[in-house]
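Work through the exercises below with the sequence and the model side by side. Try each task before you read its solution.

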Amino acid sequence: MTAKELAEHLNMSLVWVYRDAARSGLTPYKFGTGRNAKIQFKVSEVQTWIGQHRSAIVA
């Protein structure tokens with residue numbers, strides 16, 4: 001999942017994905033170097049992260 005797809009999926013800004021996703025527990029995977037580097041996220045890890053945060057909000 002690309003950073004843009006993650007932002008849309010979580011209904012968060014793209015800035016949040018680049019700046020705060022890693023601090024929130026989502027693991028970014030970097031492909032490339034320098035200005036052309038891209039980050040992506042594993043869909044299974046995103047779904048697990050959502051489940052953990054959803055249960056924390058409900059509890």
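**Exercise 1. The whole chain**

The chain has 8 positive and 4 negative side chains, and the centres of the two sets lie 6 Å apart. Here Lys and Arg count as positive and Asp and Glu as negative, while His and the chain ends are not counted. Each charge is placed at NZ of Lys, CZ of Arg, CG of Asp or CD of Glu.

This is a predicted model, in which local features need pLDDT of at least 70, side-chain atom pairs count only at pLDDT 80 or more, and totals for chains, interfaces and linings use all residues. Residues are numbered from 1 along each chain as its sequence is written, and side-chain values use heavy atoms, with hydrogens and water left out.

Task: describe the chain's pattern, span and surface.

Solution. 
- Step 1. Count the elements: three helices and two strands. These are DSSP runs, numbered from the N terminus (helices: H or I, at least four residues; strands: E, at least two).
- Step 2. Read along the sequence. The pattern is α-α-β-β-α.
- Step 3. Take the span. The C-alpha trace covers about 40 × 20 × 20 Å along its principal axes.
- Step 4. The chain exposes about 4,500 Å², and carbon and sulfur atoms supply 54% of it. Areas come from the Shrake-Rupley method with a 1.4 Å probe; for residues, only the protein chains shown count as cover.
- Step 5. Find the buried share. Of the 59 residues, 25% are buried. Buried means under 20% relative accessible area, exposed over 50%, and partly exposed in between (1.4 Å probe, protein chains only).

**Exercise 2. Two sides of a helix**

Task: say which residues of α1 are buried and which exposed residues lie on the face turned away.

Solution. 
- Step 1. Locate α1 at residues 3–10. Its buried residues are Ala3, Leu6, Ala7 and Leu10.
- Step 2. Look down the axis of α1. The buried residues fall within an arc of 100°, so they line one face of the helix. The arc is that of the directions from the helix axis to the C-beta atoms.
- Step 3. Recall the general rule. An α-helix has 3.6 residues a turn, so residues three or four places apart point the same way.
- Step 4. Turn to the other face. Lys4 and Glu8 are the exposed residues there.

**Exercise 3. After the helix**

Task: what is the phi of Asn11, and where does this residue lie?

Solution. 
- Step 1. Asn11 follows α1 and lies in the loop between α1 and α2.
- Step 2. Its phi is near 60°, a positive value in a residue other than glycine.
- Step 3. Most residues other than glycine have a negative phi.
- Step 4. Check exposure. Asn11 is exposed, with a relative accessible area of 70%.

**Exercise 4. A strand residue**

Task: is Ile39 buried or exposed?

Solution. 
- Step 1. Ile39 sits in strand β2 (residues 38–40).
- Step 2. Its relative accessible area is 19%, so Ile39 is buried.
- Step 3. Its contacts include Thr2, Tyr18 and Pro28.

Technical notes: Contact = heavy atoms within 4.5 Å.
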